[in-house]
Amino acid sequence: MGNKLFSALLLLCCFGALAILSGAIPVLAQEEPQAAAEAEETTIQEEAAAAPTPACTGETEAAAEPTPEAEATPEATCTPTPGPTATAIPDMPAWSLETTVLSTTITGDMLDNDTAYEVDVSALLEEGPSLTLPAEGYQILIIHTHGTEAYTPEGSDVYQATAEYRTTDINYSVVRVGQALADTLSAYGLQVLHDTELYDYPSYNGSYARSGAAIEAYLAENPGIALVIDLHRDALGEGDTIYKTVTQAAGETVAQIMLVMGSDVNLSHPDWRKNLALALTLQQTVSLRYETLMRPTVLCDYRYNQQLTPGSLLMEVGTAGNTLQEAITAVQLFADAIAPTLLGMVE
């Protein structure tokens, strides 16, 4: 009995071996341990990819000043009144194909005061700016703390994006708008120095510290510089909808411009009222010629490097929804309007 059972088992094993060799029974291979995923890149190009943010949420982008304390950079500061229709966006990069752009014109009082200070706009306008420009040498510095800020591509103004509405190609960013401002002011005989350096790339954090150090260096080399313009573009929107601020001026549809002014709420800024008087004076000058080219000037708790000179302005030319050409035309009209006033300050 035992021999018969052994023979039967041996015969069964032989049949099993033949089945495996013939492929009738698959052999299950042991899986190799899965390789660990590669680490993500640690180089940060932008906080939150610089996407347009909702207006009036109180959220700001953190940015360091040339001091240990941190300040914030303005993004959206006013709630726009949406226009009735959406604007089609041709030739958009893949990351913006689903974006809806709505046109709006922002108007209101001359000053949107976001601080707790009481400000007498009429008194500041009557007082006027204390700014004087030298007769020789550079008089005006144009700089871009956030030089990668760009606009909605249109026609041939299509760029390689580093993030949404950001590019390092200065031919399509706010740096190009700054060049248009410099060229127009220079055509009136004003001496303009334009810094085209990108202070927000590859690292966005510390942009104001870097641009502030540059401003100090320029002032040391060119003590005659009396007016410093930090030129940006705004961002207004929520989700897949962004706004473009537009107006009709000189027979064209152009972007609106906003001045953002700092105060001493958080840090020392003894000349902030002088800066504000200058901003309001220039705003009024432009508005007399182009009624709605200027949005209300915004007074904020932060300094934005404006403590470095009593002739400092932060300009927001259009928004991410505007086109580059709308921004360029707007800044040219702005320069045409203020140039006679600035020439009157030359001594």
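A: Let's start with α5, where Trp272, Asn275, Leu276, Ala277, Leu278, Ala279, Leu280, Thr281, Leu282, Gln283 and Val286 are buried (under 20% relative accessible area, with exposed meaning over 50% and partly exposed in between, using a 1.4 Å probe and protein chains only). A few ground rules: this is a predicted model, where local features need pLDDT of at least 70, side-chain atom pairs count only at pLDDT 80 or more, and totals for chains, interfaces and linings use all residues. Residues are numbered from 1 along each chain as its sequence is written, and side-chain values use heavy atoms, leaving out hydrogens and water. Helices (H or I, at least four residues) and strands (E, at least two) are DSSP runs, numbered from the N terminus.

The 18 residues of α5 should span 26 Å at 1.5 Å a residue, and its end C-alpha atoms are 26 Å apart, which agrees (the expected span is 1.5 Å times one less than the number of residues).

Now the packing. The axes of α5 (residues 272-289) and α6 (residues 324-343) come within 9 Å and cross at roughly 125 degrees; axes are lines fitted to C-alpha atoms, for helices over the stretch in contact, and angles run from 0 to 180 degrees between N-to-C directions. That makes α5 oblique to α6 (under 35 degrees is roughly parallel, over 145 roughly antiparallel, 65 to 115 roughly perpendicular, and the rest oblique). Leu282, Thr285, Val286 and Arg289 of α5 meet Phe334, Asp336, Ala337, Ile338, Thr341 and Leu342 of α6, where contact means heavy atoms within 4.5 Å. By class, that contact has six nonpolar, two polar and two charged residues (Ala, Val, Leu, Ile, Met, Phe, Trp, Tyr, Cys and Pro count as nonpolar, Asp, Glu, Lys and Arg as charged, and the others, Gly among them, as polar).

Helix α3 (residues 174-187) packs on α6 too, at about 30 degrees with the axes 8 Å apart, so α3 and α6 are roughly parallel to each other. From α3, the contact takes in Arg176, Val177, Ala180, Leu181, Thr184 and Leu185, and its α6 side includes Phe334, Asp336, Ile338 and Leu342. The tally for α3 with α6 is 13 nonpolar, two polar and two charged.

Buried residues of α3 include Val174, Val177, Gly178, Ala180 and Leu185, and their cover includes β6 (140-143), β7 (192-194), β8 (227-234), β14 (312-319) and α6. Just after α3, Gly189 takes a positive phi of about 100 degrees.
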